[in-house]
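Here's a quick briefing for anyone opening this structure for the first time. Have a look at the sequence and the model, then read on.

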Amino acid sequence: MIKPSEFHLRGGRSGVLLIHGLTGTPTEMRFVGNGLHRAGFSVLGMQLAGHCGDEADLLATGWRDWHASVLAAAARLREDVDHLFVAGLSMGAILALKLAIDHPEHVDGLGLYGTTFFHDGWATPPIGRLAFLLPLVTSLGFGRQRVSAEVEPYGIKDERIRKRIVGAMLSGDSQAAGLAGFPWPALAEFQRLSRHVRNRIGRVRAPCFVAHSSNDDVAGLRNVRVIERGVRAPVETLLLDNSYHMVTVDQERASVIERSAAFFERLARQRPLELPQGVQLATATE
């Protein structure tokens, strides 16, 4: 059963929508959410469709369902703020890019944390590095019951935090820590989303703040280069040396929060208010 897990922190007239990663939970965005709220932002830590339940709940959804839940959350937050910023972790960053591609008029800036187009980090198991083949494999009927287990160091360098999160994950508390593995069909959907966004990344017009570990165990720096070379907007990059993939919870999360807040505040000051009346976010046709 899916457990409601989003958090909504009401603050000023600039808002940040936070998007967690595949098999994850809004909890992985909570540190960042609290920090941005202290800086004066309204924050909505959304819950992706099919998440915070069991494996069957996740497999009942695909990337278009995840995107639809982002659209719905963005529309809710947009009603209460003058500036809308969107930030995501891992697959959440790709969903943030997708929103900016489809609705440039609504997204004033992006925070892209540990963006994962390619699973090419130093601890990625062989199946992860071959994840780009999964859409074909699963479409042929193979691997639909397979799960790629999470592996050490679980994206977290801080041993204390890793122990707490992994303990909750392995105990089955998907609301607090997400699932303990990645079902192959869900990874195939992730790959379809990744390809879809990579092929359209030149349409991104929102300024981007990129925070990525130089020692990312899941997604190497190739993922950062895709953003820097692809988007048609200014990109500010922060490379972290004392974290792994989950930069929103790891040892340098304070730097991620501080730089994100400064980036969004600067954009809010620079951008005049243009608030179209009666405009709704709608699902893109492609």
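How do the residues of the lining of the largest pocket divide into nonpolar, polar and charged? They split into 23 nonpolar, 12 polar and six charged. Here Ala, Val, Leu, Ile, Met, Phe, Trp, Tyr, Cys and Pro count as nonpolar, Asp, Glu, Lys and Arg as charged, and the others, Gly among them, as polar.

Before going further: this is a predicted model, where local features need pLDDT of at least 70, side-chain atom pairs count only at pLDDT 80 or more, and totals for chains, interfaces and linings use all residues. Residues are numbered from 1 along each chain as its sequence is written, and side-chain values use heavy atoms, with hydrogens and water left out.

**The largest pocket**

- The largest pocket has a volume of about 740 Å³.
- On a 1 Å grid over the protein atoms alone, a pocket is an open set of points with protein on both sides within 12 Å along at least five of seven lines, and lining residues have an atom within 4 Å of a point.
- Grid points are joined across faces, edges and corners, and a volume is the space filled by probe spheres set on the points.
- Of the 41 lining residues, E150, Y154, F182, H245 and M246 are the closest to the pocket's centre.
- Elements giving two or more residues to this lining are α1 (30-38), β6 (147-149), α7 (159-170), α8 (174-177) and α9 (184-198).
- With five residues, α7 gives the most.
- The helices (H or I, at least four residues) and strands (E, at least two) are DSSP runs, numbered from the N terminus.

- Buried means under 20% relative accessible area, with a 1.4 Å probe and protein chains only.
- G109, G111 and Y113 point one way from β5, while L110 and L112 point the other way.
- β5 pairs in the parallel sense with β4 (residues 83-89) over five bridges, and F85 stands opposite G109.
- Between those two strands the chain passes through helix α4 (residues 91-102), and this β-α-β crossover is right-handed: with the strands pointing away from the viewer, the path from the first strand over the helix to the second runs clockwise.
- β5 also pairs in the parallel sense with β8 (residues 208-213), over four bridges, and here L110 stands opposite C208.
- Two strands pair if DSSP finds at least two bridges between them.

**The cavity**

- Searching the whole structure turns up one cavity of 30 Å³ or more, and the largest cavity has a volume of about 40 Å³.
- A cavity is a set of grid points where a 1.4 Å probe fits but cannot get out.
- Its lining has three nonpolar, five polar and one charged residues, and C52 and D54 are among them.

- Most residues other than glycine have a negative phi.
- C52, in the loop between β3 (42-45) and α2 (55-59), has a positive phi near 70°.
- At 3% relative accessibility, C52 counts as buried.
- S90, in the loop between β4 and α4, has a positive phi of about 60°.
- At 11% relative accessibility, S90 counts as buried.

Terms used:
Buried means under 20% relative accessible area, exposed over 50%, partly exposed in between (1.4 Å probe, protein chains only).
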